[in-house]
Amino acid sequence: MAMSQTRVAPKRGDEHDVEYAVSVRDVSKNYGDVEALKDLSLDFPRGQLTSILGPSGCGKTTLLKIIAGLLSPTSGEVEVNGKAVTGPGPDRAFVFQDFALLPWASVIRNVAFGLELRGVARSERESIAQKYIQNVGLGGFENSFPHELSGGMRQRVGLARALSVDAQVLLMDEPFSAVDEQTRRKFQEDLLSLVQQESRTFIFVTHSIEEAVYVSDQIAILLPRPSRVSEIIKPTGIRNKGTDDIRRDPEYLDIVDRIWASLRSYVE
Amino acid sequence: MRNRPLFLKLLSAVIVFGAWEIAGRIPVSYAFPTFLESMSALAALTLDGTIFTAYAETLKPLVVGIIISAVLGIGIGLWTGLSSKFDWLFSPIFVVMQAAPLAALIPLLIMVYGIGLTSKVLVVCIMAMPVIVLNTSGAVRNTPYTLKEMGRAFLGTERDIMLKIVIPAASPIIFAGLRLGVSAGFIGAILSELKITPTGVGDIITYSRSIADYPSMYAAIFSIIVLAVLFLNLLEKIERLLFGGNIRGYVSD
Ligand SMILES: Nc1ncnc2c1ncn2[C@@H]1O[C@H](COP(=O)(O)OP(=O)(O)OP(=O)(O)O)[C@@H](O)[C@H]1O
Ligand SMILES: [Mg+2]
């Protein structure tokens with residue numbers, strides 16, 4: 001677990017290697033006749049949270065799975081820490097939009113499952129899992145089963161599983177879509193402090209504009225299929241504000257408005 | 001069945017046996033003995049040891065056939081479920097096997113394999129295997145895609161994904177197939193003793209019918225049913241031992 005405590009030492013090499021944890025270059029993805037992504041390029045600064053924002057069906061999950069190495073792009077390439085992605089790797093962990101929990105396994109086994117697949121001994125993986133179960137606020141539910149949890153709790157199990165494997169890059173596919181508005185705000189605050197504590201690179205898919213502005217260091221707005229990045233917004237001014245003040249900040253409201261203005265033409 | 005209190009089980013047994021007793025007393029047919037007559041015949045068969053020697057004979061093709069069907073059936077099922085090529089090759093065979101009228105095939109089996117144990121084992125297999133294969137392959141093919149994808153994302157090997165995701169996910173349906181297969185195997189074992197050569201329990205049935213000793217005949221049939229139920233319960237125990245968590249129900253999302 002040493003990695004999560006210390007910032008990843010910048011590697012020598014050209015500027016990109018140091019600054020960006022993940023670079024997507026000219027990636028296209030076709031599903032048969034459907035062009036999901038077209039020549040999409042995007043860089044993800046190390047240690048920061050980048051949101052991918054766009055209307056439903058525009059290819060956000062597709063992009064995330066390509067970065068994860070679960071899908072291969074039709075053309076173009078993805079680099080993680082300067083190395084081309086050819087498949088899933090220990091440097092990336094995924095939080096699935098539909099949770100993907102093992103229904104027959106308890107919370108603790110689900111959270112430890114990534115470590116189990118890596119061959120970590122049981123007592124060790126369970127103590128790591130225990131720590132992250134506490135972190136995401138599921139203490140006391142270690143021995144519950146997924147069907148006994150609410151949607152939001154299941155989502156947090158998926159989050160804890162991704163955190164446990166200690167990957168530098170966290171790929172989160174709409175992790176807060178299954179929770180009510182109050183819980184969602186709580187999660188967003190938790191995520192902000194997680195980003196500050198964990199010095200990992202977070203890639204976060206959402207279709208909530210407010211959420212993206214609230215949690216992100218950088219927001220990439222995707223246009224509907226075939227998707228490219230239409231705009232990158234960096235809400236730097238509000239990042240140093242306290243979590244309570246952000247939503248009242250004029251810059252926050254400004255950015256939300258600006259994004260809405262550029263997206264509204266695509267929403268009928 | 002598992003959660004139903006013992007009381008309800010006993011109650012349903014009392015109702016069924018009571019109805020049997022009444023039907024025997026009316027009588028529905030002169031060839032239909034009462035429950036109590038059948039039970040005393042069963043006691044007699046048990047006391048003079050006839051039933052044990054009979055089962056020693058009947059269990060041979062039954063147990064061998066069921067073990068072959070389970071091992072081979074699950075193996076072929078996993079294989080066809082995971083590879084569309086083998087699915088294309090094998091599934092039609094088992095669909096045909098399942099639909100074929102067994103009685104019509106028996107003379108053919110006797111011609112090829114004689115009247116010995118081999119033919120009887122084959123009858124058991126023909127009865128038991130198709131449903132095991134078809135259930136297993138169907139279950140494996142329907143493993144939720146995101147679970148397999150999750151396994152890959154967290155660096156599981158093919159083998160990990162098979163053992164820790166695909167098989168546990170498929171296990172309830174595999175075991176449902178095994179239960180159906182075992183029941184069908186029992187039918188196959190008795191059928192083979194009635195149609196090929198009268199041995200074991202099939203012999204008791206044939207012989208007692210020929211001398212109009214109907215209580216003994218029904219006693220033998222009853223004992224088969226009891227044995228089948230015990231066997232199915234054992235299977236359920238095995239399932240719970242291996243895949244305990246699965247019985248806890250599924251998340252529907
Ligand atoms: N396996 C697939 N086969 C064919 N088409 C697909 C497949 N997966 C996705 N698509 C198509 O690609 C497009 C992008 O899908 P994707 O799941 O990436 O969207 P998304 O932005 O994540 O949407 P949402 O916000 O609803 O989750 C969609 O139009 C979808 O129809
Ligand atoms: Mg999606």
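B:Phe7 belongs to helix α1 (residues 6–25) of chain B; helices are DSSP runs of H or I with at least four residues, strands are runs of E with at least two, and both are numbered from the N terminus. The model is predicted: local features need pLDDT of at least 70 and side-chain atom pairs count only at pLDDT 80 or more, while totals for chains, interfaces and linings use all residues. Residues are numbered from 1 along each chain as its sequence is written, chains are lettered from A and ligands numbered from 1 in the order in which they are written, and side-chain values use heavy atoms, with hydrogens and water left out.

- B:Phe7 is exposed, with a relative accessible area of 58%; exposed means over 50%, buried under 20%, and partly exposed in between (1.4 Å probe, protein chains only).
- Together with B:Leu8, B:Leu11 and B:Ile15, B:Phe7 makes a nonpolar surface patch of about 400 Å².
- Such patches are made of residues with over 30% relative accessible area and no salt bridge; nonpolar side chains (Val, Leu, Ile, Met, Phe, Trp, Tyr) are joined within 5 Å, and like charges within 9 Å.
- B:Phe94, in helix α4 (residues 84–99) of chain B, is buried, with a relative accessible area of 4%.
- Leaving aside residues up to four places away in sequence, B:Phe94 touches B:Ile76, B:Met129, B:Pro130, B:Val133 and B:Leu134; contact means heavy atoms within 4.5 Å.

**The magnesium site**

- A:Thr61 (OG1) and A:Gln97 (OE1) coordinate the magnesium ion (ligand 2) at 1.9 to 2.5 Å.
- This pair links distant parts of the chain, 36 residues apart: A:Thr61 is in helix α3 (residues 60–68) of chain A, and A:Gln97 is in the loop between β6 (92–95) and α4 (107–117).
- Donors are N, O and S atoms within 2.8 Å of the metal (3.2 Å for Na, K and Ca), and sites may look incomplete because water is not among the atoms.

**Helix α3 and a buried charge in chain A**

- Eight of the nine residues of α3(A) are buried, so the helix is largely enclosed by the rest of the structure.
- Just after α3(A), A:Gly69 takes a positive phi of about 85°.
- A:Glu174 is buried yet has no salt bridge, and A:Lys60, the nearest side chain of opposite charge, is 4.4 Å away.
- A salt bridge requires a side-chain nitrogen of Lys or Arg within 4 Å of a carboxyl oxygen of Asp or Glu.

Definitions and conventions:
Lys, Arg positive; Asp, Glu negative; His and termini not counted. Areas by Shrake-Rupley, 256 points an atom, 1.4 Å probe, with all protein chains shown as cover.
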